[in-house]
Each structure stands twice: as C-alpha cells, then as structure tokens.
Amino acid sequence: MKKLIIFAILSISVLAACKKDPPSPAENTTNKLIGKWNLNSTGDAYPLGSPEVKTMYNNTSYDFKGNGVMILILNGSQPMEYSWKMLDATTLNYKDANGIIDNTFTVVSLTATDLTLSKSDFKNGSQGETRYYFAKVPAP
C-alpha cells in the first residue's frame, strides 16, 4: 500500500511538472491575426520619408484562417485564396498556389481591433513604403 501511495504521488508530481512551453512570438502574432480584417485605407510615402498620402478603401477584406489559408476579397470581387504564415514575430507572408503572387509585409502594429502592415517597394524609381490600415470584423 505504501508503494502505491508513493507511486501515485510521484506520478502526480511528474504530470504537474509537464507543462506546455509558452507560445513563440510568431505564434502569438499568428493567433492575434486569425479572423477577418477590413482594409480601411492605405498610406503611400514615396520617396521614403515623404508625407504619407492616404487612400480610403471599401469592400476589401483579408480573412486569416487558422489552417494557413487566407481569403482575400478585393473591392467586392470574387474571393481569392492564398496560403499565409508568420515568418517571425513581425513578418507576414502570403502567396498563391502557383507562386506568382508572393507578398511579404511587416506587422507595424497589432491589437485586438486594429492592424497596420507595411511593405517597402519602388514606385516611379523611388524607394518608399505603403502602409495598410485594417479594422477587425467582430466574430458573429
């Protein structure tokens, strides 16, 4: 009986000691991104450092699924499917199945309700940045 009690205590101790590792920073960002986000506006700064010029958007959404699929609806068009993943805590990548579209963004800020992404690019021979401003769509 004494051996059984000691075995039970040791078993409980071992099970209690086996706790999950905390999620990585990339997993934290991934979990926060999951859901549907409406694109409200973009802001272009070309050349880099110049004042941001904002453009408003309607009917454009990005729906990040937990299974690595993202559904993009651009200006109310037909849904387009991409795969997505976090490369690290602040770098988001999505691409189509054919590898033609392959976009990488920096997560500038992410809260429960707001998301800002940025992408460096060239326009008219000048290096600059475009920022994408999103609002999370409440879950039904």
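With a relative accessibility of 17%, Asp 63 counts as buried. That word has a cut-off here: buried means under 20% relative accessible area, exposed means over 50%, and partly exposed is whatever falls in between (with a 1.4 Å probe, protein chains only). Before we go on, note that this is a predicted model, in which local features need pLDDT of at least 70 and side-chain atom pairs count only at pLDDT 80 or more, while totals for chains, interfaces and linings use all residues. Residues are numbered from 1 along each chain as its sequence is written, and side-chain values use heavy atoms, leaving out hydrogens and water.

Asp 63 has a partner: its side chain meets that of Lys 65 in a salt bridge, 3.0 Å from N to O. A salt bridge is a side-chain nitrogen of Lys or Arg within 4 Å of a carboxyl oxygen of Asp or Glu. The idea behind it is simple: side chains of opposite charge can pair when their charged atoms come close. Lys 65 is partly exposed, at 33%.

How many salt bridges does the structure hold? There are 4. One of them joins Asp 44 to Lys 123, with the closest N and O atoms 2.9 Å apart. This pair links distant parts of the chain, because Asp 44 sits in strand β1 (residues 35-45) and Lys 123 in strand β8 (residues 114-123), 79 residues apart. Strands (E, at least two residues) and helices (H or I, at least four) are DSSP runs, numbered from the N terminus. Another salt bridge connects Lys 95 and Asp 102, whose closest N and O atoms are 4.0 Å apart. Lys 95 is partly exposed at 32%, and so is Asp 102 at 43%.

Now look at strand β7 (residues 102-110), where you will find Thr 104. Thr 104 is partly exposed, with a relative accessible area of 37%. Leaving aside residues up to four places away in sequence, Thr 104 touches Leu 87, Thr 91, Leu 92, Asn 93 and Lys 119; contact means heavy atoms within 4.5 Å. The C-alpha atoms of Thr 104 and Leu 92 are separated by 5.6 Å, although the two residues are 12 apart along the chain.

Next comes helix α2 (residues 25-33), whose buried residues are Ala 26, Thr 29 and Leu 33. Seen down the axis of α2, they fall within an arc of 65°, so they line one face of the helix; the arc is that of the directions from the helix axis to the C-beta atoms. Why can this happen in a helix? An α-helix has 3.6 residues a turn, so residues three or four places apart point the same way. The cover over the buried residues of α2 includes β1, β3 (61-64), β5 (80-88), β6 (91-95), β7 and β8.

Finally, strand β9 (residues 126-136) pairs with β1 in the antiparallel sense over 8 bridges. Two strands pair if DSSP finds at least two bridges between them. In this pairing, Asn 38 stands opposite Ala 135 in β9. Strands β8 and β9 also pair in the antiparallel sense, over 10 bridges, with Leu 115 opposite Phe 134 in β9. The hairpin of β8 and β9 has 2 residues between the strands, and there Asn 124 takes a positive phi near 50°.
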